[in-house]
Amino acid sequence: VDGQVVVRFSTATASPVDLKIFDLRGRLVRHLASRAFPAGQHALRWDGRDARGLDVANGVYLVRVVVEGRVHTAKTVWTR
């Protein structure tokens, strides 16, 4: 999907999920989810905007997902 980063994750059981986007300096850019998800495959989209709704700069960002007590971090490149 153009203009979006799609973050895919799965849960074996119904579980709380916390998903945040950070810049490379570790500053929180956007908090995408903090709620329970049912068991199964899921996808959340980030539109390249920060918490105030402003476009972020092109660059590398960290996607941090906490699912079932486990922390998963991945890099993504944002370009508009």
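**Exercise 1.** Leaving aside neighbours within four places in sequence, which residues is Ser-15 in contact with?

*Solution.* The model is predicted: local features need pLDDT of at least 70, side-chain atom pairs count only at pLDDT 80 or more, and totals for chains, interfaces and linings use all residues. Residues are numbered from 1 along each chain as its sequence is written, and side-chain values use heavy atoms, with hydrogens and water left out.

Step 1. Contact means heavy atoms within 4.5 Å. With neighbours within four places left aside, Ser-15 touches Arg-35, Ala-36, Phe-37, Val-67 and Glu-68.

Step 2. Ser-15 is in strand 2. Strands are DSSP runs (E, at least two residues), numbered from the N terminus.

Step 3. Check burial. Ser-15 is buried, with a relative accessible area of 5%. Buried means under 20%, exposed over 50%, partly exposed in between (1.4 Å probe, protein chains only).

Step 4. Look at the side chain. One of its polar atoms lies 3.3 Å from the backbone nitrogen of Glu-68.

**Exercise 2.** Find the strand order of the open sheet of 4 strands.

*Solution.* Step 1. Two strands pair if DSSP finds at least two bridges between them. The order is 3-2-5-6, with antiparallel pairing.

Step 1. Find the edges. Strand 3 (28–37) and strand 6 (70–78) each pair on one side only.

Step 2. Neighbouring strands are turned by 15 degrees against each other, direction ignored. Axes are lines fitted to C-alpha atoms, and angles run from 0 to 180 degrees between N-to-C directions.

Step 3. Inspect one pair. Strand 2 (residues 15–23) and strand 3 run antiparallel and are joined by 8 bridges. In strand 3, Arg-30 stands opposite Ile-21.

**Exercise 3.** Which residues touch the most other members of the largest nonpolar core?

*Solution.* Step 1. A nonpolar core is a set of buried Ala, Val, Leu, Ile, Met, Phe, Trp, Tyr and Cys residues joined through side-chain atoms within 4.5 Å. The largest has 17 residues; Phe-9, Leu-19, Ile-21, Trp-46, Tyr-61 and Val-65 touch the most other members.

Step 1. Follow Val-65. Beyond four places in sequence, its contacts include Val-7, Phe-9, Val-17 and Leu-19.

**Exercise 4.** Is Arg-64 buried, partly exposed or exposed?

*Solution.* Step 1. Arg-64 sits in strand 5.

Step 1. Its relative accessible area is 27%, so Arg-64 is partly exposed.

Step 2. List partners. Beyond four places in sequence, Arg-64 is in contact with residues including Asp-18, Phe-22 and Thr-73.

Key:
A polar contact is a pair of N or O atoms within 3.5 Å; within protein, one must be able to donate a hydrogen and the other to accept it, and residues adjacent in sequence count only if both atoms are side-chain atoms.
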